[in-house]
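Here is a friendly walk through one protein model and the ligand that comes with it. Keep the viewer open as you read.

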Amino acid sequence: MVGADRDKAAAAVKPYTTVWKPQPGPQTDLLTCPASITEIFFGGARGGGKTDGVLGEWIAHASRYGKDAIGLMIRRELTQLVETIERSRVLYTPLGARYTTAEKMWAFPNGARLRFAYLERDADADAYQGHSYSRTSRRPAHSQASGQSCGCRPHCGPAPACQSVW
Ligand SMILES: Nc1ncnc2c1ncn2[C@@H]1O[C@H](COP(=O)(O)OP(=O)(O)O)[C@@H](O)[C@H]1O
Ligand SMILES: [Mg+2]
């Protein structure tokens, strides 16, 4: 995409600060993380803002990279995704993004796409082999087992792929 087209596409997603602002601390660190960083662990107690940080950072990423922004948020079970999806409705609907329940995917006006997935078994990951994402985030296995929130590993790709574990 040439520069002018990219600028136009980016304008199609309102600046993320109109619907979401990072809190001081880890969320601001996440948003200001240099593009050269490809893995981020976002830890902390439940309620510390990890999920919101990842959802909010996605808006900034989508605004910047348009159709090159392709994200995947993974949880072990669909039930674990429900609250995240509900929060994403609050944040993304005002931006003109459309959610498709069957695909569990948000499509933004500038072409950015964010998909939610649950991988109950390791074999479920096969369905995503060969896909290329500019952002992935997942909850680490040990925090699932202990019930503790642990961190977030955003993964950065062609538009800087960043992986977060929350
Ligand atoms: N930057 C923010 N702006 C507005 N609300 C926020 C922000 N960060 C977190 N919250 C709210 O605080 C609560 C806890 O945040 P959450 O991301 O769910 O924490 P965690 O995932 O670490 O358990 C949620 O209700 C969330 O919407
Ligand atoms: Mg959370």
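Read along the sequence, the chain of this predicted model follows the pattern α-α-β-α-β-α-β-β-β-β-α-β-β. That makes five helices and eight strands. The protein chain has 166 residues, of which 36% count as buried.

Before going into detail, a word on confidence. The average pLDDT of the protein chain is 81, and 74% of the residues score at least 70. One stretch calls for care: over residues 143-158 pLDDT stays under 50, and for this stretch the model has 66 contacts beyond four places in sequence.

Now to the ligand. Which residues are closest to ligand 1? They are Gly48, Gly49, Lys50, Thr51 and Asp52, part of a surrounding set of 16 residues. By class, this shell holds nine polar, five charged and two nonpolar residues. Helix α3, residues 50-65, gives the most to the shell, with four residues.

Another residue of helix α3 is Ala60. Is Ala60 buried or partly exposed? Ala60 counts as partly exposed because it has 19 C-beta neighbours inside 10 Å, while a buried residue needs 20 or more.

The strands β2 and β5 are also joined to each other: they run parallel, with six bridges between them. Strand β5 pairs with β4 (residues 105-107) as well, this time in the antiparallel sense and over three bridges. Met73 stands opposite Phe116 in β5, and Trp106 stands opposite Leu114 in β5. Five residues lie between the strands in the hairpin of β4 and β5, where Gly111 takes a positive phi near 100°.

Most residues other than glycine have a negative phi. Lys104, although not a glycine, has a positive phi of about 50°. Lys104 counts as partly exposed, because 16 C-beta neighbours lie inside 10 Å.

Finally, look at Ser88, which has its place in helix α4 (residues 78-92). Ser88 counts as buried because it has 22 C-beta neighbours inside 10 Å. Leaving aside neighbours within four places in sequence, Ser88 is in contact with Leu55 and Trp106.

Two C-alpha to C-alpha distances are set side by side here, in case you want to check them in the viewer.

| Pair | Separation in sequence | C-alpha to C-alpha distance |
|---|---|---|
| Ala60 and Thr17 | 43 residues | 8.5 Å |
| Ser88 and Tyr99 | eleven residues | 9.4 Å |

Definitions and conventions. Residues are numbered from 1 along each chain as its sequence is written. Chains are lettered from A and ligands numbered from 1 in the order in which they are written. This is a predicted model: local features need pLDDT of at least 70, side-chain atom pairs count only at pLDDT 80 or more; totals for chains, interfaces and linings use all residues. Helices (H or I, at least four residues) and strands (E, at least two) are DSSP runs, numbered from the N terminus. A residue is buried if 20 or more other C-beta atoms lie within 10 Å of its own, exposed if 12 or fewer, and partly exposed in between; C-beta atoms are placed from the backbone. A residue is near a molecule or strand if its C-beta atom, placed from the backbone, lies within 6 Å of it. Ala, Val, Leu, Ile, Met, Phe, Trp, Tyr, Cys and Pro count as nonpolar, Asp, Glu, Lys and Arg as charged, and the others, Gly among them, as polar. Two strands pair if DSSP finds at least two bridges between them. pLDDT is the predictor's confidence in each residue, from 0 to 100. Two residues are in contact if their C-beta atoms, placed from the backbone, lie within 7 Å.
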